[in-house]
Amino acid sequence: MSTESTTRQSSAPEAARHTVAGVDANVLALASTLVLVGTFLFVLYDVTNVVGRRDQFLLVAGGALVLATVVGVMLRPRVALLLTIALVGGGFAAYFLSLPTSQLALLSPTRLLADSVALLSGLSVLRLLSADVWALAVTPAPTFLAWYLAVRGRIAPAVAVAGGGLGLFVLTGDANGPLTLVGVGAGMAAIGFDSIGRYGHDGGQLDVLVVVLAAMVVLSATVTVLPGAGGSPIIPNSGVAEQPTVEASLVSASDSISVVGSISLSPEVRFEVESTSPSYWQTASFDRYTGTGWVRTGDSEPYTGGRLEGPEGPSRLVRQTVSPATPLDAMPGAWRPVAVSGNISSETLVTQQGNIRPARTIGTDENFTVTSAVPQYTPASLRRTGTDYPDDIRERYLALPDSTSDRVRERAAEITADAETPYDKAVAVEEWLEANKEYSLQVSRPDGDIAESFLFEMDAGYCTYYASTMVVLLRSEGVPARFVTGYTTGERVGDDRYVVRGLDSHAWVEVYFEDTGWVRFDPTPAGPRIDAETSTLTDARDEGLEGVDTNETAAAAAETNESDTETPTPTETANETETANGTNATPQSGLAPGLEERIGGTPGAGDESAADEGDGLLPELPSRETLFVGFAALVGIAAGVRRTRIPTQVRWATVALYQRRTDSPTDDVFRAYDRLELVLERDYRPRRPGETVRHYLAALSRVGVDERTRRVADIYEQARYGHGVTRAEADEVMAVADRAVRSRLPVVRRWAD
Amino acid sequence: MTDVHADADVDRAHSVEAVSDLATRISENVEQVIVGHHDAIEDIIVTLFARGHLLLEDVPGVGKTMLARAIATSIEGSFERIQFTPDLLPSDVTGVNVFNQQTSEFEFRKGPVFGNVVLGDEINRAPPKTQAALLEVMEELQVTIDGVTRRVPDPFTVIATQNDVEPDRTYDLPLAELDRFMKKIHLGYPNEAEETELLGRVSGHHPIESLGPVATSADVRAARETILGVTVSEPVRRYVSRLAADTRERAHLGVSPRGSIALIRAAQARAALDARDYVVPDDVQREVRSVWAHRIRTTTGEDGIDVVERALEYVPVE
């Protein structure tokens with residue numbers, strides 16, 4: 001007998017260990033906790049992968065886990081708690097020390113509080129200035145504490161700690177849906193296995209646990225809490241109508257952009273702009289590339305009136321008056337905005353990248369004027385600039401994720417082999433992309449790094465892909481570049497007046513030149529893009545959609561009828577020459593005035609998975625996600641069904657109704673008894689596991705079951721435990737069972753008696 | 001009454017109905033002098049028929065001696081009583097060779113252990129060596145003194161009592177020896193009606209004096225043979241071993257195979273008492289508490305009976 005195993009854990013209430021599928025439930029709980037800690041660490045890994053110090057992070061995280069394992073065996077909780085506090089303090093001290101002095105000067109308690117609130121309300125960790133150090137700072141303490149507790153067998157507090165860590169990243173938006181789901185599921189499983197380990201699963205706890213887990217998977221995969229919010233169900237509603245618009249994916253983006261798959265164009269008029277000079281109307285620029293999208297780092301400052309800093313080189317002032325046709329979340333204007341007037345000016349924010357944006361949505365009756373200082377340059381002047389970039393430009397605009405592969409760098413070197421100056425490199429990359437990739441709005445989003453996939457695996461893409469790839473290529477060649485979103489010029493409807501539609505939204509690239517500042521490059525082939533935009537607009541007009549035209553554009557469209565759907569926009573040429581000064585580098589073709597990229601339902605640029613599968617053109621096999629969710633649903637349903645009476649009902653329907661006589665009286669008795677028991681189970685109660693047939697039938701006969709059931713018990717016992725039964729006895733039992741079953745069939749009951 | 005059993009022949013004893021009948025006669029006879037305790041009487045008969053021994057754990061004065069005597073009388077067997085005390089020697093139990101000066105030979109003087117029904121009173125008061133002497137006889141059914149082996153009479157059943165009210169003056173039986181008792185039961189106090197009835201009966205002559213036998217030792221031996229032939233089907237055997245495994249899983253020390261065998265024997269006897277020549281799970285369930293509870297040790301202060309009850313609840317009956 002099990003002397004040694006029981007004495008060892010004599011303090012436990014029970015000597016027996018509980019297992020699930022042959023594995024000790026405590027081990028499963030520990031493993032689940034590790035998965036949860038893993039999801040927390042995975043978010044930080046992602047962050048460090050984007051912003052650097054990935055290797056240091058791995059060391060820190062691994063060290064914390066090892067330390068916790070060792071300490072868990074040796075140290076008592078109080079010591080471990082002190083150690084945790086030391087880790088927290090040390091981590092944040094390191095973070096603050098690493099901040100640049102300029103930022104440190106800004107630190108104040110209110111500022112810290114505001115920042116914390118901002119983090120908790122969706123500010124991505126990636127937007128923190130020293131996100132790398134921050135990640136290293138927050139890694140050790142929760143990792144250590146959670147794993148320490150888990151090793152000590154305190155699963156619930158461990159899950160609370162690790163879940164809290166993951167929860168922080170859910171709030172910051174850095175943990176995406178599937179990862180969160182894995183984390184929450186693991187936490188749930190850890191708790192469940194822990195209680196099974198403690199109390200066993202005699203009462204069907206395992207079923208309940210499975211049901212809860214499956215419900216979590218299925219609900220989180222199919223239900224979005226906030227209608228139209230960025231939260232992404234794993235299973236997208238497929239269909240063209242659900243494709244995001246280019247505009248939604250780019251312009252509405254506030255702090256970050258996730259590159260999506262297929263996309264569409266919205267022909268609705270967004271705003272009219274009156275400008276002394278046509279331009280691309282920029283709304284935002286992004287500095288941090290995450291491999292799957294773009295993030296704007298740093299906080300925005302309120303615009304306090306007066307003149308903002310202009311470009312480094314010579315510039316020319318341009319005044320633009322914008323009249324929104326639909327509510328706007330952005331303030332389009334030529335680079336580089338230096339002043340804002342109008343109602344909204346008091347609620348304008350200035351980003352650290354030099355862009356302006358409204359702090360609220362701008363209504364349709366709120367015109368505003370943006371004054372921009374447009375840089376003046378020529379190819380020659382750009383060629384002459386040096387590469388002695390300021391430090392903050394280097395830090396921000398040359399960074400690439402640690403995971404950027406060598407073949408991307410090699411390809412960049414190849415493309416720019418003949419180029420010597422940054423300007424020539426930019427032109428080379430732009431031309432290469434225009435020449436080698438097709439324009440298409442129907443793409444499925446690649447799994448890995450966007451730029452790498454677009455370079456090596458994809459044949460076609462749209463502006464986001466072109467622009468992202470160009471920035472990555474330039475950065476890997478040491479040329480500071482950034483990802484810019486906004487609208488193209490739009491349809492010219494009069495002197496200095498342009499109608500801009502949703503389908504004009506666009507993404508392009510800006511490259512930094514010393515003494516000049518940011519210069520626009522657009523690697524997206526203009527022709528195909530305009531074609532796409534034009535045909536969308538034509539279709540929209542044909543369908544008679546509202547909001548597609550202003551009076552003027554309608555008139556123009558009527559005049560130019562077929563050929564001109566893409567309202568010729570002479571302005572564009574002017575626009576181009578002016579900014580790029582003859583470089584063919586930026587062939588900003590006339591943007592089909594007017595085409596806006598319609599992207600359907602899911603606003604929220606952060607909705608990265610929404611378009612994942614959205615091709616909608618071909619019937620497709622269900623995606624892996626769908627299959628997984630379906631599988632989870634099935635398992636959950638199966639476990640749930642086991643908790644209900646359904647199995648009884650099914651057995652009733654299949655087993656009870658009819659019995660054929662066989663050659664073996666014994667078997668007939670067993671079968672007849674099973675049928676009888678089903679009837680009794682429905683009418684009274686099931687036989688308990690440890691209850692004998694005799695006791696069961698005797699108990700029921702006391703509450704009114706036919707006395708003949710006693711006889712059944714006798715015959716059944718003879719058949720099972722005794723020396724067999726005769727044919728007559730078997731028939732007797734079958735008759736009782738038949739009668740019991742029939743009297744309970746609704747249709748037959750009335751004849752039975 | 002004597003003639004009731006006179007024609008009880010071997011043929012009748014060979015059927016389970018005869019066993020059942022015999023048991024009924026014995027218990028009805030015993031109940032003439034013992035008020036209440038019907039279940040305990042049946043337990044003793046089961047033990048007697050299943051070749052086992054019984055441990056009674058009770059306070060003094062609830063009629064243990066009377067019960068044992070009544071049983072012995074009913075089967076026309078001899079009754080012996082051993083009062084265990086701290087100074088009792090093994091030879092006081094088994095007997096001793098004494099020198100007969102007339103014949104100049106040693107002759108064996110039988111100890112009290114030579115009886116059909118032996119009551120070992122307060123067995124836990126005697127030192128272990130003396131306890132062991134009795135337990136050895138229970139196992140071997142013979143006594144060996146000075147190289148001479150003598151068999152105890154057949155049938156031979158020991159009913160031992162333990163005193164649990166003065167635990168500081170006792171030598172607890174080691175578990176290995178407890179294992180040799182087939183069953184352990186409590187008599188407990190009679191209820192009000194029973195006690196009133198009891199007091200009425202003893203106010204005159206004690207009825208035990210007039211109690212006569214209703215069976216012979218041969219009847220008991222025949223019944224024992226019959227019971228050996230009661231069928232134990234595979235589902236029942238599997239049920240018993242699952243119960244045993246369950247106690248081993250849940251307790252520090254579960255039931256030994258010896259305990260499982262004892263349970264099967266007791267269940268066979270119980271089936272025969274029910275005039276059935278096969279064992280059903282109900283027989284097992286009926287017997288398992290008294291057969292197993294005293295064989296189980298837990299580290300958590302739970303009683304063995306709790307472990308058994310839980311096994312009964314969770315181990316499914318086939």
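Patches here are built from residues with over 30% relative accessible area and no salt bridge, with like charges joined within 9 Å and nonpolar side chains (Val, Leu, Ile, Met, Phe, Trp, Tyr) within 5 Å. Accessible areas come from the Shrake-Rupley method with a 1.4 Å probe, and for residues only the protein chains shown count as cover. Lys and Arg count as positive and Asp and Glu as negative, leaving out His and the chain ends; each charge is placed at NZ of Lys, CZ of Arg, CG of Asp or CD of Glu. The model is a predicted one, in which local features need pLDDT of at least 70 and side-chain atom pairs pLDDT 80 or more, while totals for chains, interfaces and linings use all residues. Residues are numbered from 1 along each chain as its sequence is written, chains are lettered from A and ligands numbered from 1 in the order in which they are written, and side-chain values use heavy atoms, without hydrogens or water.

On chain A, one such patch of positive charge sits on the surface and brings together Arg76(A), Arg78(A), Arg152(A) and Arg154(A). Arg154(A) belongs to the loop between α8 (140–151) and α9 (155–172); helices (H or I, at least four residues) and strands (E, at least two) are DSSP runs numbered from the N terminus. With a relative accessible area of 33%, Asp496(A) is partly exposed, and so is Arg154(A) at 45% (buried is under 20%, exposed over 50%, partly exposed in between; 1.4 Å probe, protein chains only).

An unreviewed UniProt entry puts "transmembrane region" at several spans of chain A, among them 57–75 and 179–196; such annotations may be inferred rather than shown by experiment. Residues 57–75 of chain A are 95% helix and 0% strand, with end C-alpha atoms 25 Å apart. For residues 179–196 of chain A, the figures are 100% helix, 0% strand and 25 Å.

Trp335(A) and Arg336(A) are joined by a cis peptide bond with omega about 10°, and Arg336(A) sits in the loop between β9 (315–324) and β10 (337–342) of chain A. In chain B, the bond from Asp154(B) to Pro155(B) is cis as well, with omega near 0°. Positive phi turns up at Asp496(A), near 60°, in the loop between β17 (491–494) and β18 (497–501). Glu122(B), also not a glycine, has phi of about 50° and is buried at 15% relative accessible area.

Arg224(B) and Asp154(B) form one at 3.3 Å, N to O. Arg224(B) lies in helix α9 (217–228) and Asp154(B) in the loop between β7 and β8, so the pair ties together parts 70 residues apart in sequence. Arg224(B) is buried at 5%, whereas Asp154(B) is partly exposed at 40%.

Asp179(B) pairs with Arg295(B), their closest N and O atoms 2.7 Å apart; this contact ties together parts that are 116 residues apart in sequence, and both residues are buried. Glu287(B) bridges to Lys183(B) at 2.2 Å between the closest N and O atoms, linking helix α12 with strand β9 across 104 residues.

Methods:
Salt bridge = Lys/Arg side-chain N within 4 Å of Asp/Glu carboxyl O.
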